[in-house]
Amino acid sequence: MNRKGYFGEFGGFFVPEILVHALKELSSSYDRLKNDNEFNMELSALLSRYAGRPTPLYFAKRLSEKFGGRIYLKREDLAHTGSHKINNALGQALLAKKMGKTRVIAETGAGQHGVAAATACALLGLECEVYMGEVDVERQKLNCYRMNLLGTKVITVKNGSKTLKDAINEALRDYAASSDHTHYLIGSVVGPHPYPAMVRDFQSVIGRETKAQILADTGRLPDSLIACVGGGSNAIGLFHPFLEDKDVKMFGVEAGGNGVHSGKHSASVVAGAEGVLHGARTLILQDDDGQILETHSVAAGLDYPAVGPEHPYLSRLGRATYVAVDDSKALFAFHLLSETEGIIPALESAHAVAYAVEHARQNQNEVIIVNLSGRGDKDVAEVAQMEGYF
Amino acid sequence: MSLIEALSSSGADILEIGLPFSDPIADGPVIQNAMMRSLKGGFKVNDIFNLIKKTRASGIDIPIIVMSYLNPIIRIGGNEFCKKSAESGADGILLVDMPIEESEELDEIVKKHGMDVIRLIAPNTCEARMMEIFSKSTGFVYAVSVSGTTGARDNLSKQSIDFLRRVASIRTCPLAVGFGISSPDHVRQIRAIGVDAVIEGSKLISIYSDYTLSNEERLSRIEEHATEMKRATVD
């Protein structure tokens with residue numbers, strides 16, 4: 001980062017004046033607390049004793065035998081609430097508490113971040129409201145009930161495309177009016193400074209653990225890291241601690257939807273153009289007039305027209321490679337991992353698994369680590385319905 | 001165009017034309033819905049230049065401010081956008097999601113094309129920052145009377161009045177107030193503080209988008225309301 005909040009030419013602080021004060025307060029609080037021993041000890045105790053960290057790094061033997069390479073899965077699906085989202089939710093909820101905020105708002109797409117935020121708030125005694133697009137509410141009903149169960153109110157967003165981006169718009173509007181007592185707990189490495197750096201820091205525990213685990217297991221660094229990218233928090237969390245290890249290749253897998261050429265996808269790094277959305281300069285799926293396009297993915301958590309600003313930066317640097325995997329391949333991997341390893345992956349993570357087996361086929365001698373960012377329980381009903389099971 | 005004529009003939013001193021954007025995070029439901037209707041109706045960025053040209057051709061010569069979110073401008077190119085705005089007859093640009101931290105380059109472009117840089121001040125903007133915003137603005141500064149988004153409110157709170165007093169006391173260029181303004185009473189209250197202008201958006205749009213009425217009726221209600229508001233600025 002050169003200028004404040006920038007990753008090369010991406011990132012920044014493009015917000016209405018009504019949000020400036022709140023974000024500056026957040027930024028200075030985070031700068032103070034991230035080096036505070038007590039804060040870090042408290043967070044790391046929550047991560048280990050409450051959220052179940054460290055998550056295992058598991059060698060997927062049968063999958064490796066079938067496709068080649070040595071494929072490892074970083075089991076974020078085994079973290080409390082079923083995905084990596086809890087790492088960031090606990091970090092930010094604790095931060096909110098230290099800042100004296102009494103209410104937390106969040107946005108959610110698949111519902112995983114909403115559940116994680118609701119969980120962290122229940123644990124820390126914070127009031128919580130989650131914005132969720134109407135389309136996502138429909139396809140992730142069970143997660144809505146989970147949030148209710150955890151004492152959180154889900155607010156259905158009926159504006160725009162009624163998905164994740166509109167939930168973020170609505171949360172930002174709420175925050176503009178409520179920031180004196182409310183913290184906005186963004187669930188990914190998107191948004192204005194300090195969110196992309198802060199969320200990355202909270203998620204980097206994934207990569208730090210992975211590095212220690214693979215060294216302990218194999219005595220060497222991996223050849224390739226593979227993670228799915230919607231906003232990009234699980235990917236950046238895995239990648240970041242390896243950035244200086246120049247021989248470790250990194251692959252971000254975006255949602256190809258019906259195929260990148262169909263126009264119905266969510267592959268912002270692969271097919272987006274530069275612009276500003278939700279406070280950051282980044283790559284965005286937009287039309288020639290700069291209007292944001294509606295996106296598509298079978299995985300609600302990847303269904304977002306932009307991407308965290310550090311990803312286009314890593315892409316331009318050539319440090320990480322971004323590819324798109326379409327719905328059908330993700331669904332194939334959803335079945336594949338279930339049958340081969342007894343692990344039902346989230347549809348989001350299934351994109352990474354799909355790319356990993358292709359990569360393994362062509363790179364038979366590699367040690368490959370896939371971030372299995374979430375478990376697929378939330379997707380089972382939808383896929384069963386899609387396949388005509390009921 | 002008929003709306004612009006109605007406002008102008010009812011005494012509006014400045015026109016602010018908003019460029020519809022798919023993700024207007026600073027706007028409340030009324031303006032959001034208006035933007036969605038416009039985009040669904042096929043609005044293209046070039047249409048705003050044509051609208052301004054038509055306005056000028058019809059002899060309306062009050063200042064015109066183009067209000068926009070940043071992304072469409074980045075897409076078209078800052079220079080191209082400002083050049084076309086100025087050539088069409090616009091006098092100023094207000095970029096909602098462009099705080100002073102990021103705006104240096106674009107400010108220069110706006111000024112190069114002879115237009116004013118209009119900026120917002122919010123209720124929680126600290127005094128040092130207010131001074132900086134005044135020093136980096138031309139034309140007028142737009143004070144946001146309430147925290148949150150655009151949209152009509154019934155009353156101006158004491159907090160809003162106190163805030164506006166503070167801004168008015170340190171202003172170094174004309175000061176206009178917007179967000180939540182919807183009645184002649186608001187205008188009189190604000191006038192008493194020494195503010196130079198009020199900005200009204202959501203209320204006008206709600207009047208204009210009552211589609212149960214005929215086009216003529218809607219326009220005459222706009223004229224009626226605008227005339228009343230104008231009267232409150234001078235009575």
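Helices (H or I, at least four residues) and strands (E, at least two) are taken here as DSSP runs, numbered from the N terminus. Two strands pair if DSSP finds at least two bridges between them. The model is predicted: local features need pLDDT of at least 70, side-chain atom pairs count only at pLDDT 80 or more, and totals for chains, interfaces and linings use all residues. Residues are numbered from 1 along each chain as its sequence is written, chains are lettered from A and ligands numbered from 1 in the order in which they are written, and side-chain values use heavy atoms, with hydrogens and water left out.

Strand 11 and strand 12 of chain A form it with two residues between them, and in the turn His278(A) has a positive phi of about 50°. Strand 11 (residues 273–277) of chain A pairs with strand 12 of chain A in the antiparallel sense over five bridges. Within this pairing, Leu277(A) stands opposite Ala280(A) of strand 12 of chain A. Four of the five residues of strand 12 (residues 280–284) of chain A are buried, so this strand is largely enclosed by the rest of the structure. Buried means under 20% relative accessible area, exposed means over 50%, and partly exposed lies in between (1.4 Å probe, protein chains only).

Ala273(A) belongs to strand 11 of chain A. Its relative accessible area is 18%, so Ala273(A) counts as buried. The C-alpha atoms of Ala273(A) and Ile284(A) are separated by 5.3 Å, although the two residues are eleven residues apart along the chain. Contact is defined as heavy atoms within 4.5 Å. Not counting residues up to four places away in sequence, Ala273(A) touches Thr282(A), Leu283(A), Ile284(A), Gln286(A) and, in the other chain, Arg75(B).

Glu17(A), Arg173(A) and Asp289(A) supply 24% of the area that chain A buries against chain B, more than any other three residues. There are four salt bridges between chain A and chain B, a salt bridge being a side-chain nitrogen of Lys or Arg within 4 Å of a carboxyl oxygen of Asp or Glu. Arg75(B) forms a salt bridge with Asp288(A), with the closest N and O atoms 3.5 Å apart.

In one, four strands are arranged in the order 7-6-5-8, with parallel pairing. Strand 7 (153–157) and strand 8 (182–184) of chain A stand at its edges, each with a single partner strand, so one side of each is left without a neighbour in the sheet. The twist averages 25° from one strand to the next; axes are lines fitted to C-alpha atoms, for helices over the stretch in contact, and angles run from 0 to 180 degrees between N-to-C directions. Strand 6 (residues 127–133) of chain A pairs with strand 7 of chain A in the parallel sense over five bridges. Tyr131(A) stands opposite Ile155(A) in strand 7 of chain A. Helix 5 (residues 112–124) of chain A packs on the sheet, touching strand 5 (103–108) and strand 6 of chain A, and its direction makes about 165° with that of strand 5 of chain A.

Another open sheet of chain A has six strands in the order 3-4-14-9-10-13, with mixed pairing. Its edge strands, strand 3 (57–59) and strand 13 (321–326) of chain A, each pair on one side only. Strand 4 (residues 70–75) of chain A pairs with strand 14 (residues 367–372) of chain A in the parallel sense over six bridges, and Val367(A) in strand 14 of chain A is the bridge partner of Arg70(A). Helix 10 (residues 205–218) of chain A lies across strand 3, strand 4 and strand 14 of chain A, at about 140° to strand 4 of chain A. Strand 10 (residues 249–257) of chain A is mostly covered, with eight of its nine residues buried.

How values were computed. Buried area is the accessible area (1.4 Å probe) that two parts lose on being put together, summed over both.
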